[in-house]
Amino acid sequence: MFSFQEQFSAATKAHVEAQIAMMNTLTDKTLENIEKVIKLNVAAAKTSLEESSAAVKQLVAAKDAQEFFSLAAAQAQPTTEKTLAYGRNLASIASGAQADFSKIAETQINETSNQVLALVDEISKHAPAGSESTIAIIKSSVGNVSAGYAQLTKATKQAAEILESNISQVANQLSQVAEKTTQRSSKKS
């Protein structure tokens with residue numbers, strides 16, 4: 001038979017090991033997402049540099065002011081669309097990171113809750129008579145923490161979905177504005 005101190009020590013050790021594993025996993029996920037953002041930024045910068053160079057060459061080659069302004073206006077819509085695509089990609093990376101972090105934390109909370117409840121059950125087998133209400137309070141507290149975390153996770157997911165929806169709406173509106181601007185500039189030419 002294990003003493004309470006040995007049980008508590010084993011549970012504490014398991015919890016610390018789980019926390020270290022979770023931190024390693026979160027660090028790995030963070031680095032993966034940083035790498036994605038860096039790749040996105042490098043690709044965007046490279047593309048922007050190439051397209052800017054080509055656009056400047058076209059503008060310099062313009063024969064008159066009307067052609068110059070027509071070419072400049074024609075650049076507005078593709079540039080806006082690329083900026084919006086970049087924003088959507090960045091939002092997608094952030095959303096994926098949030099989902100990964102939530103899943104990792106949820107798994108850790110569930111495992112920790114189960115370990116604490118198992119420890120409380122084991123301790124309750126050897127607890128003195130009359131301690132049932134204290135054990136029930138502890139179990140209820142662990143259940144409340146788990147339920148609170150589940151509610152927080154749900155609210156966070158809903159907020160992320162709303163943010164993605166708003167980004168899409170803004171992107172669509174900006175794209176429409178850029179298209180109308182390009183159409184007006186083309187009609188003036």
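Let us start with a pair of charged side chains: Glu17 and Lys13 form a salt bridge, and their closest N and O atoms are 4.0 Å apart. Keep in mind as you read that this is a predicted model. Why do Glu17 and Lys13 sit about one helical turn from each other? They are separated by that much because they are 4 residues apart in helix H1. Glu17 is partly exposed, with a relative accessible area of 46%, whereas Lys13 reaches 53% and is exposed.

How many salt bridges does a search of the whole structure find? The search finds 4. Side chains of opposite charge can pair when their charged atoms come close. One of the pairs joins Lys39 to Glu35, with 3.5 Å between the closest N and O atoms. These two residues also belong to helix H1, where being 4 residues apart places them about one helical turn from each other. Lys39 counts as exposed at 54% relative accessibility, while Glu35, at 44%, counts as partly exposed.

Another salt bridge links Lys82 with Glu51, and here the closest N and O atoms are 2.8 Å apart. Lys82 lies in helix H2 and Glu51 in helix H1, so this pair ties together parts that are 31 residues apart in sequence. Both partners count as partly exposed: Lys82 has 39% relative accessibility, and Glu51 has 34%.

## The largest pocket

Now for some empty space. Rolling a probe the size of a water molecule over the atoms shows where empty space is left. The largest pocket has a volume of about 410 Å³. Its lining is made of 18 residues, and those nearest the centre are Ala44, Thr47, Ser48, Glu51 and Lys82.

Helix H1 gives the most, with 10 residues. By type, the lining of the largest pocket divides into 8 nonpolar, 8 polar and 2 charged residues.

Is Asn33 buried or exposed? This residue of helix H1 has a relative accessible area of 8% and is therefore buried, since buried means under 20%. Setting aside neighbours within four places in sequence, Asn33 is in contact with Ile93, Ala97 and Asp100.

## Two aromatic rings

A search of the whole structure finds 1 aromatic pair. Phe68 and Phe69 make up this pair, which is edge-to-face, with 5.4 Å from centre to centre and 85° between the planes. Phe68 is partly exposed, with a relative accessible area of 33%, but Phe69 is exposed, with 56%.

## A look at helix H3

Last, turn to Ala147, which has its place in helix H3, residues 132-188. At 46% relative accessibility, Ala147 counts as partly exposed. How far is the C-alpha atom of Ala147 from that of Lys46, and what separates the two residues along the chain? The C-alpha atoms are separated by 47 Å, and the residues are 101 apart along the chain.

Definitions and conventions: Residues are numbered from 1 along each chain as its sequence is written. This is a predicted model: local features need pLDDT of at least 70, side-chain atom pairs count only at pLDDT 80 or more; totals for chains, interfaces and linings use all residues. Side-chain values use heavy atoms; hydrogens and water are left out. On a 1 Å grid over the protein atoms alone, a cavity is a set of points where a 1.4 Å probe fits but cannot get out, and a pocket is an open set with protein on both sides within 12 Å along at least five of seven lines; lining residues have an atom within 4 Å of a point. Grid points are joined across faces, edges and corners, and a volume is the space filled by probe spheres set on the points. Ala, Val, Leu, Ile, Met, Phe, Trp, Tyr, Cys and Pro count as nonpolar, Asp, Glu, Lys and Arg as charged, and the others, Gly among them, as polar. Buried means under 20% relative accessible area, exposed over 50%, partly exposed in between (1.4 Å probe, protein chains only). Rings of Phe, Tyr and Trp (its six-membered ring) pair if their centres lie within 6.5 Å; planes under 30 degrees apart count as stacked, over 60 as edge-to-face and the rest as tilted. Contact means heavy atoms within 4.5 Å.
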